[in-house]
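Open the sequence next to the model. Keep both in view while reading. The walk starts at one residue and widens from there.

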Amino acid sequence: MCSDDRNLTCDNEYRVMSPVSSYYQTHREKCLASAKRYQRKNRKKVQLYMKGYYQRTRAKQSKKTRELFASLRDQCLELLGKRCARCGFDDIRVLQIDHVNGGGHAERKSAISMYKKILALGGIGYQTLCANCNWIKRIENKEHRRIIEEATP
Ligand SMILES: [Zn+2]
């Protein structure tokens, strides 16, 4: 019942049994052992399938990530205000989220986690600035030099 053939549907397709199927639920160990045997025997085929799987899902995943990014950015701008705190410029294409007390360089590694943190904190410690005002603030506070100094050994 749980033979290697069970995982193979045709020459171009490799399928692992769905973990929610009732057979899998009752014969989990047997199915995992069978899948492992199949993978060992058909290493190249499985590698090709997994490479294809990555390529097939990559576009979908990056679309999801872009949508999440846009949604979180919009929520943050909604919370912090959709205009520059210094000059009042309100074109959202150039609005940036600024760390009021600096130190945003380390946090900018992942924008999505930064946006989630801003929302969790209710926006405290952050403000909206346009790109020009953000750069002017960095230069005035010499934050740009800190970035350069940190980057050079
Ligand atoms: Zn501005």
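His99 lies in strand 3. Helices (H or I, at least four residues) and strands (E, at least two) are DSSP runs, numbered from the N terminus. This is a predicted model: local features need pLDDT of at least 70, side-chain atom pairs count only at pLDDT 80 or more, and totals for chains, interfaces and linings use all residues. Residues are numbered from 1 along each chain as its sequence is written. The score itself, pLDDT, is the predictor's confidence in each residue, from 0 to 100.

The scale is as follows: a residue is buried if 20 or more other C-beta atoms lie within 10 Å of its own, exposed if 12 or fewer, and partly exposed in between, with C-beta atoms placed from the backbone. Leaving aside neighbours within four places in sequence, His99 is in contact with Gly104, Gly125 and Tyr126. Contact means that the C-beta atoms of two residues, placed from the backbone, lie within 7 Å. His99 and Gln127 are 28 residues apart along the chain, yet their C-alpha atoms are separated by 6.6 Å.

Gln127 sits in strand 4. Strand 3 (residues 95-99) and strand 4 pair in the antiparallel sense over 5 bridges. Two strands pair if DSSP finds at least two bridges between them. Which residue of strand 4 is the bridge partner of Asp98? The partner is Gln127. Gln127 has 18 C-beta neighbours inside 10 Å, so it counts as partly exposed. Not counting residues up to four places away in sequence, Gln127 touches Leu80, Ala85, Asp98 and Val100.

Strand 4 as a whole is another matter. Of its 5 residues, 4 are buried, so the strand is largely enclosed by the rest of the structure. In a regular strand the side chains alternate between the two faces of the sheet.

Ala85 is one of the residues that Gln127 touches. Ala85 lies in the loop between helix 3 and strand 3. Beyond neighbours within four places in sequence, Ala85 is in contact with Gln127, Thr128 and Leu129. Its C-alpha is 9.8 Å from that of Asp98, 13 residues apart in sequence. Ala85 has 18 other C-beta atoms within 10 Å, so it is partly exposed.

Just after helix 3, Gly81 takes a positive phi of about 105°. The 38 residues of helix 3 (residues 43-80) should span 56 Å at 1.5 Å a residue, and its end C-alpha atoms are 52 Å apart, which agrees. The expected span is 1.5 Å times one less than the number of residues. Helix 3 bends by about 40° at Arg58. That bend is the angle between axes fitted to the seven residues ending there and the seven starting there. The number of buried residues among the 38 is 1, so helix 3 lies largely in the open. Asp74 is found in helix 3. With 13 C-beta neighbours inside 10 Å, Asp74 counts as partly exposed. The C-alpha atoms of Asp74 and Ile92, 18 residues apart along the chain, are separated by 9.1 Å.

Now take helix 2. Helix 2 (residues 28-41) has 14 residues and reaches 20 Å from its first C-alpha to its last, close to the 20 Å expected. Cys31, Ser34 and Tyr38 are buried in helix 2. Seen down the axis, these buried residues fall within an arc of 65°, so they line one face of the helix. The arc is that of the directions from the helix axis to the C-beta atoms. The buried residues of helix 2 pack against helix 1 (22-26). The face turned away from the buried side carries the exposed residues Arg28, Glu29, Ala33, Lys36 and Arg40.

Finally, the whole chain. It has 7 helices and 4 strands. Their order along the sequence is β-β-α-α-α-β-α-α-β-α-α. Buried residues make up 12% of the 153 residues. Among contacts between residues at least 6 apart in sequence, 72% join residues at least 24 apart.

How far does the confidence reach? The mean pLDDT of the chain is 82, and 80% of its residues reach 70 or more. Among the elements, strand 4 (residues 126-130) has the highest mean pLDDT (96) and strand 1 (residues 8-10) the lowest (41). Over residues 1-13 the pLDDT is below 50, and this stretch has 19 contacts in the model beyond near neighbours in sequence.
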